[in-house]
Each structure stands twice: as structure tokens, then as C-alpha cells.
Amino acid sequence: MSPRTIDVAATSTAPPDAVFALLADGSTWPDWSAMRSFVLEVEGDPPPEGPGAVRVFRNGPTTTRDHITEVVAGRRLAYVSESALPVRDHRMVVELVPDGDGTLIRWHASFVPELPIGFVLERSMRRFLQRLADDLAAAASDR
């Protein structure tokens, strides 16, 4: 099956460092996102959530395990995601771009569907990622 990509964006009135502080700290996600719980399974380098970290999020019956691959403070977080979804090579990159006094949040995902329902999965994932970006933007703006 052919690879799929998703790009969503949101704008926060908060500066990039404030947005990044929430994005890079998995323990804050249950406060601002649809994720209901967080466990840091493996610390990264540098600790706690640098490259090599494994972050486990739960949202109802769905568990997602994210392997952090790149961290550029205040600018970028990249990770490979494992979940029960029928996909492989699921990669995410979140970029934060200064936008006046605020921040443009760009959330990029790529994956290869394992079933011929890729378009349905893509639409669902797009909605979920847009909600994450919007919720991150709002939470950072409110702080």
C-alpha cells in the first residue's frame, strides 16, 4: 500500500517555548489532550524525555507508545508511534514556528496502512491530530 501523509496546523498566542514546554512534557498531555494517562516507560538522553525516550499514552482502550527520535528545544519534536492501529512506519513531526508574538504549530504524520481502508483511517487520524494541535494551541495560550 502507498504511504499516506497528514499535515495539520494550529496557531497559539503563546510563544514557541511555552508551547514546547507542554508538547515535550508527556505528563501534561492528560491535562490538555484526549490522552487520559501517561507513563514514561524509558528515559531519553538527556533525561527525561530526550531522544530515546518511550512515552506511553492511553485513551480509553487505545494505547500508543511513542519513541522520541528528535528534540530541538522550542522548535521540533519527532517520534515514531506504535499503536493498535493497522499501520506501519508511523512517524510524527511537530514543528513550532514563531508567528508574531505566538506560534504556528505544524503536526505532520506519515504512515503506511496495512489494510485497504487507508482513506478511512487517514480521515480519522487527521481529525485526531487536528484536535491535538488545537488543544495544544489553546492550552499554551491559556497559561
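Student: Is E70 buried, exposed or partly exposed?
Tutor: E70 is partly exposed, because its relative accessible area is 31%. Buried means under 20% relative accessible area, exposed over 50%, and partly exposed in between, with a 1.4 Å probe and protein chains only. This is a predicted model, in which local features need pLDDT of at least 70 and side-chain atom pairs count only at pLDDT 80 or more, while totals for chains, interfaces and linings use all residues. Residues are numbered from 1 along each chain as its sequence is written, and side-chain values use heavy atoms, with hydrogens and water left out.

Student: Which residue does E70 form a salt bridge with?
Tutor: E70 pairs with R76, and their closest N and O atoms are 3.8 Å apart. A salt bridge is a side-chain nitrogen of Lys or Arg within 4 Å of a carboxyl oxygen of Asp or Glu. R76 is partly exposed, with a relative accessible area of 25%.

Student: How many salt bridges does the count come to?
Tutor: The count comes to eight salt bridges. Among them is the one between E49 and R55, at 2.7 Å from N to O. Both E49 and R55 are buried.

Student: And what about D89 and R88?
Tutor: Their side chains meet in a salt bridge of 3.7 Å, N to O. D89 is partly exposed at 44% relative accessibility, and R88 is partly exposed at 40%. Elsewhere, salt bridges that share partners join R4, E122 and R126 into one network.

Student: Changing topic, what is the volume of the largest pocket?
Tutor: The volume is about 370 Å³. A pocket is found on a 1 Å grid over the protein atoms alone, as an open set of points where a 1.4 Å probe fits, with protein on both sides within 12 Å along at least five of seven lines; lining residues have an atom within 4 Å of a point. The volume is the space filled by probe spheres set on the points, which are joined across faces, edges and corners.

Student: Which residues lie nearest its centre?
Tutor: Of the 18 lining residues, M35, T62, T64, L85 and F128 lie nearest the centre of the largest pocket. Helix 3 gives the most to the lining, with six residues. Helices (H or I, at least four residues) and strands (E, at least two) are DSSP runs, numbered from the N terminus.

Student: Where is P86 found?
Tutor: P86 is in the loop between strand 5 and strand 6. The C-alpha atoms of P86 and G100 are separated by 39 Å, and these residues are 14 residues apart along the chain.
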